[in-house]
Amino acid sequence: MKISLNWLREFVELPESAEELRTVLDDLGLVVEGVEHVGQGLEDVVVARVDEIREIEGADRIRLVVVDAGHGPLEIVCGASNFAVGDHVPLAPVGAVLPGGFTISERTVRGVVSHGMLCSPRELEMNDDHQGLMVLDQLIEPRVGEGLVVALKITPDVIFDISVEGNRPDAWCVEGVARDLATRLRRTLRSPTLATTNSMTESASFAGAAIDDPDLCGRLTVSVLREVKVTASPSWVAQRLQSSGMRPISNVVDASNLVMLELGQPTHPYDAAQVAQRTLRARRARPGETLTTLDGVERQLAKSGRGLGDTGEDLVIVDGDDRVLGLAGIMGGASSEISASTTDVLLEAAYFDPMTIARSSKRHALRSEASNRFERGVDPQLALRAVARYVEILRESVPELQWLANPLDVRGTIPTPPSLELRRSDVGRLLGVEIAIDDVLAILGGLGFSVVQKKDYLEVTAPGSRLDVRAGSEGRADVIEEIARLYGYRRLPRHNPAWPELGGLDDRQRLRRHLREVVVDAGALEAWTPSLGSDADFDLLLRDQARVRVTNPLAADESVLRATQITGLVRAWAKNYERGLGDVILVEFGVVFTHPGATSDPRMTKGGVGGKLILALPRENERVTIVLARQDDDASSAVALWSVVARRLGLDDVVVRSVTEAPRGLHPTRAAALVDRTSGALLGHVGEVDAELVDAVTSGSPLRRLGLIDLDFDALADPHQATRAPAAVRVPSRFPSAVLDLAFVTPQRVNAGDLAHTLRQASDLVEEVTLFDVYHGPTLAEGTRSLAFNVRLSSVDRTLNENEVTRCRALLIELAGSLGAVLR
């Protein structure tokens, strides 16, 4: 937001330099992103009249313009085309020095000598418009040869480009910024001059106003202005708008824009002759209605919303015949815009529901200065004060203007500013430093808060301009934050925190860090995918499952909390694959969310005495998801990687078990469960990504199989669910080892991991057990299979003799038999 220093000085005494004020603004949280000096370096620029325009042979983008600046004709080569013969434009003659130190000299272009330069607003550093020359006839009644500074009554100024946070609706105007400065510097805030009605005729006798949907429109005021004459705005109005980055249009429209920039209240003037029954009414748009807005675009209203909270509702302003005139709070329609023939104006000033405006603005991809303010929350009490300021400005160019008595004022649902109890100790407890009560009262009073001193506390009521202040303890924190901000964060003493013990990682954090190191060592790249997604993404895997929605999403397609990380990781991989970077392993550590209606956990459902709700919160589950997408990766690759992870984490008791039904997102026949043998807890799944999901994400492109490991980190971190062996180092034997290959015929129900675990526990001489073959065939009985293991035997203090190896072999066969396995 661009704000003029001269404009600020009309509200508060500011003798400080621009750099000093920049420091103050930054400290107030109104970060100055840039400072622009305007009106300097224009002393050599004069007003010139265009007398002739000629083509230049061989040039299609430039023309020869003959101008008169009071000393005879001058030939200028110019590339702009937005002017005609008879127009007056700024001329920088040879030798002139423009802002930025640019010196004008004679130049030869296409064989033609140019004796100066005709200037655009940006070349004069008056605003960012560089689409053509500055045509002065639209602003003033120019005189040939007059200096531009004199003609435009330019006063040197400084423009601050301020970044205003979204939770500061009061600071989206000059008065709001001036209020902060006046409060910080303990100076008086001046109010702009306001007009009063000057007609005995009642507004209700000429116009009407109504609100059909009070939940969307909290207040609608309609003021009647008669004997209007549409003309150019006074030069100071045009300069104020240009310095703020807006284009002057006419006195009626410019006054509306100026009031919005000055006070923060958007207003909208309608040509009363184009409004049926001279009535303005606010209501919801109906499906099928259309509106051609001032930018010439026909818009479909009341379209279906694309996310949670967006029901597709649009608030519109209609006339007495129920014809749509404008998209409330965003942009008016072309049918009732101000024209040169306008003589009567209906001026709308209103309060609209911020979320309704925000959603409509986003849905229609239509942003305006008005919507920027309405969606953050305009002061509901500001409307008629803004109208009085509008009339005062417009009367300068239309002295005969008539403002009818008792403007129409219809009320709907208006937010009530909260009242809070602020104890004197609250400030010190939250900020760590006591602030004198006189300072607290001065700060709150300066910001417009109503403060009543009670015996033990202050009763603080927020002004209507501070809709960001919440109720209860949160609101108390908001008020204390404002006290700290205006008091000055730099004035707060610094403290070194003293803790009773040194910080460190807890067991869960150490496990997370260790697991991250293990998978990264294995070649994985850590990814981050959004925890908020669309209904379409959720439906890829969990179409029939309840979902957790966000009530105020920033985007319509980011309104559903994810219930799995698989979809996001596969989508991230697909984007990398499209760019030739598909040979990767991606891992994500994150949280997924389960709707309380989709979980069997009794803590997440309704219950309690009398059917009262005890708890109905989404279940948050931290998970670690790994997608293996290298060439030839598949379920076996995922199992191999899991073996590395399990060994590094000491999860010796976790086995890979087959599943009768694969979880959503895993291949129906290439998936297995990771189960702790001791606790029986499910720790996750391993296998391949469901081919249907890959196909849906990649739009049917022929792509590779993807290995998958999906771990429940909450279960891994719980010692009651995941049995972890203590870290131990096995000293390699320096004596020769003996190797046995044993093939067992086992029932299908016997898990290979369980059998391998049993073999490892057979003797201290067993160094390693490895499954190297699985056989199904006609030579085996139905319902059985053959599992072949390589068993390595060794001793740390001797070479094993034949008898020891024989006894150990017999023991291995005996223990395998306890699981129903028979040596093949």
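Residues are numbered from 1 along each chain as its sequence is written, and side-chain values use heavy atoms, with hydrogens and water left out. Because the model is predicted, local features need pLDDT of at least 70 and side-chain atom pairs count only at pLDDT 80 or more, whereas totals for chains, interfaces and linings use all residues.

The domain assignment, whose bounds come from an automatic or database source, divides the protein into domain 1 (2-39 + 158-184), domain 2 (46-154), domain 3 (203-411), domain 4 (419-491), domain 5 (507-716) and domain 6 (738-823). Between the C-alpha centres of domain 2 and domain 4 there is a separation of 56 Å.

When neighbours within four places in sequence are left aside, the residues in contact with Phe 160 (heavy atoms within 4.5 Å) include Met 1, Ile 3, Leu 8, Leu 21, Leu 25 and Val 35.

Helix H5 (residues 235-243) is mostly covered, since eight of its nine residues are buried, where buried means under 20% relative accessible area, exposed over 50% and partly exposed in between, for a 1.4 Å probe and protein chains only. Among the buried residues of H5 are Val 237, Arg 240 and Leu 241, and what covers the buried residues includes strand E1 (2-4), helix H1 (5-11), strand E12 (157-163), helix H6 (251-263) and helix H9 (383-397). H5 is followed by Gly 245, which has a positive phi near 90°.

Two helix pairs were examined through their axes, which are lines fitted to C-alpha atoms over the stretch in contact, with angles running from 0 to 180 degrees between N-to-C directions. The axes of helix H2 (residues 18-27) and helix H4 (residues 174-185) come within 11 Å and cross at roughly 95°, and these helices are therefore roughly perpendicular to each other; angles under 35 degrees count as roughly parallel, over 145 as roughly antiparallel, 65 to 115 as roughly perpendicular and the rest as oblique. In this pair, Val 24, Leu 25 and Asp 27 of H2 meet Val 177, Leu 181 and Arg 184 of H4. For helix H13 (residues 507-521) and helix H16 (residues 635-649), the axes come within 10 Å and cross at roughly 140°, which makes H13 oblique to H16. The contact involves residues including Leu 511, Leu 515 and Val 518 of H13 and Val 645 and Leu 649 of H16.

Two loop residues were also considered. Asp 213, in the loop between strand E13 (208-211) and strand E14 (217-226), counts as buried because its relative accessibility is 15%, and beyond its neighbours within four places in sequence Asp 213 is in contact with Ala 282, Arg 283 and Arg 284. Ala 722, in the loop between helix H18 (713-716) and strand E38 (738-747), is buried, with a relative accessible area of 3%. Not counting residues up to four places away in sequence, Ala 722 touches Leu 651, Asp 676, Leu 683, Ala 715 and Leu 716.

Definitions and conventions: Helices (H or I, at least four residues) and strands (E, at least two) are DSSP runs, numbered from the N terminus.
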